[in-house]
Structures are given as C-alpha cells and as structure tokens.
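Hello,

The structure we spoke about follows below. My notes on what was found in it come after.

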Amino acid sequence: MAELTRHQLGGLLLSALRDRGLGVRDLFEGRQEPLSWFFRVLAYDQSELDILESGALDTLHAPSAMVELAVDEMALGLVNIGTEGLATYLAQPSSDVPGGPLELDGEVMLGCVHIDVAPPALWLDERESNPSRNDALASRLTRVAQEVGAVSDTVEVHIEGALDPGGGWSDPRESVRPAGVAVHFTFDIPLVGTGKRELAEVFTRVAEAAADAMEALRSVFRGDSE
C-alpha cells in the first residue's frame, strides 16, 4: 500500500459513493478505542438529496444508508511501513541463531465498512398492525438481504416491533407494528494484500450494495402497501 492515511481512505469511500449516484450528509469521524478510528456518513440518492438541498422540501422521506468505515490504525501503520519498517521497532534477538522472516498475519483486518440501510420513519409510522403484512415485510427484507448481501462478508436483518394500544392487548401479535427496520451489511478489508486498487474495489462494492439496498427497500415498501 502506498502510504495511505485514514482521511485518504475516507476520501476513496466518498468517491465510490458519488460514482454510484449517492450523496452524503452528516459526515462524522471519531474513535471507539485508542487505535480504532471511524468515519461515518448518511447516504441518500443524490437526486433526492438535491431536491432537499434546493429548499423545495423541509424533510426528506426517502431510504437512507448509514455507511461507516472502521480502521485499525495499528494495522494501517503496519501495512504502510511493511515488515522491514516494523523490524526497526523490534529489539535485536539475544540469540545468535537467525530467526525466520517477519510476515504479517493474513487473518488480521485493516478495517471494515458497515452499512445500515433503513426506510424513513414516516413509512413505518403510516403502517398499521397487521400480522400478515408484518410476515410479508420480513420475507421481502430477507430476500433483499440475500440478494444484495451476496457481495458482502456478513448480512443481517433487524426488525423492531412496537405494540399498538389501539389494536387491543388481548393478542400481542395482532397489535405489533414494525417500529424499526434496517438491513445491515459488513465488508471486511484485509491487512495483507490491500492497496489502492483493492480498496477501490471494496468501496465500489460498498457503494453498489448501499444503492441497491436503498432501491430494494423502496420496492419492498411499495409492494407491501399494495
């Protein structure tokens, strides 16, 4: 890897999202641990974001994708300096017997990218308690996860239910409506063998998955309301 910084990684991710027609808002970076840095954005279809930013709308009721790049800064440093550079930080062995060459662990991850694709709150607020529609929604979301998630390393579907007091309390299943829906994808970034080209390929898959999942979520809710 040609001496990449964490902010260059973030720039590559933003470029991949733009190339796929996605605009971003709410850019944020921070740390979860001393050597763990993350960069987080909220992505929308650029055409819909343009309408919001033009002032024509006060609120954008459209699917969004929370995209988070997490980087192990120790791994980033190691992959930049290589094993020869790492050796300069190691004490000379006390034994005269030469050791084997230093190698980086192929199972160590440089970082990963998380995507959480969710519908706007309005779409959930408009839904009524209906067990058959809830089951249909879960089935459609599962299909989206399987189809879009084929290019990711992990995929999960999250559905949170809320009891609707207006539906009565005798049968909770009859009174539950989805209050939170998200499809989660994770893309791993290996430490070994990752350069700019490999990063661009990962971020391209990330952008495509985010865009495809957002459009699929739109179709899910449109079909579910028919």
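Burial is used throughout these notes: a residue is buried under 20% relative accessible area, exposed over 50% and partly exposed in between, with a 1.4 Å probe and protein chains only. This is a predicted model, in which local features need pLDDT of at least 70, side-chain atom pairs count only at pLDDT 80 or more, and totals for chains, interfaces and linings use all residues. Residues are numbered from 1 along each chain as its sequence is written, and side-chain values use heavy atoms, with hydrogens and water left out.

Confidence

pLDDT is the predictor's confidence in each residue, from 0 to 100. The protein chain has a mean pLDDT of 84, and 85% of its residues reach 70 or more. Among its elements, β3 has the highest mean value (94) and helix α3 (residues 73-87) the lowest (82). Where pLDDT is low, the predicted coordinates should not be read in detail.

Overall

Helices (H or I, at least four residues) and strands (E, at least two) are DSSP runs numbered from the N terminus. There are six helices and six strands in the protein chain, in the order α-β-β-α-β-α-β-α-α-β-β-α from the N terminus on. Of the 226 residues in the protein chain, 39% are buried. The accessible surface, from the Shrake-Rupley method with a 1.4 Å probe, comes to about 12500 Å², and carbon and sulfur atoms hold 50% of that. Contact here means heavy atoms within 4.5 Å. For contacts with a separation of 6 or more, 72% are between residues 24 or more positions apart.

Strands

Two strands pair if DSSP finds at least two bridges between them. Strand β1 (residues 22-33) and strand β2 (residues 36-45) run antiparallel and are joined by nine bridges, with a hairpin of two residues connecting them. Arg-25 stands opposite Leu-42 in β2. β2 also pairs with β3, antiparallel and over eight bridges; there, Ser-36 stands opposite Asp-72 in β3. In turn, β3 pairs with strand β4 (residues 109-118), again in the antiparallel sense over eight bridges, and Leu-69 has Val-113 in β4 as its bridge partner.

Which strand is mostly covered? It is β3, where seven of nine residues are buried. Ser-64 is found in this strand, which spans residues 64-72, and is buried at 13% relative accessible area. Beyond residues up to four places away in sequence, Ser-64 touches Leu-42, Ala-43, Tyr-44, Asp-116, Val-117, Ala-118 and Met-214.

Aromatic pairs

Rings of Phe, Tyr and Trp (its six-membered ring) pair if their centres lie within 6.5 Å; planes under 30 degrees apart count as stacked, over 60 as edge-to-face and the rest as tilted. The whole structure holds three such pairs. One of them, Phe-28 with Phe-38, is tilted, at 5.9 Å centre to centre and 45 degrees between the planes. Phe-28 lies in strand β1 and Phe-38 in strand β2, so this pair ties together parts 10 residues apart in sequence. Phe-28 is partly exposed at 46% relative accessibility, whereas Phe-38 is buried at 6%. The rings of Trp-37 and Phe-39 are stacked, because their centres are 6.2 Å apart and their planes at 0 degrees. Trp-37 and Phe-39 are both buried.

Cores

A nonpolar core is a set of buried Ala, Val, Leu, Ile, Met, Phe, Trp, Tyr and Cys residues joined through side-chain atoms within 4.5 Å. The largest has 48 residues, and those with the most contacts inside it are Val-67, Leu-69, Ile-115 and Phe-203. Helix α6 (residues 196-224) gives the most to this core, with 13 residues. A second, separate core of six residues includes Leu-42, Tyr-44, Leu-60 and Ala-62. Leaving aside neighbours within four places in sequence, the contacts of Ile-115 include Val-67, Val-183, Phe-185 and Val-206.

Around Ala-179

Ala-179 is found in strand β6 (residues 176-190) and is partly exposed at 40% relative accessibility. Residues up to four places away in sequence aside, Ala-179 touches Leu-124, Glu-160, Gly-161 and Ala-162. Ala-121, in helix α4 (residues 121-125), is exposed, with a relative accessible area of 53%. From Ala-121 to Ala-179 the C-alpha distance is 8.2 Å, and the two are 58 residues apart in sequence.

Regards
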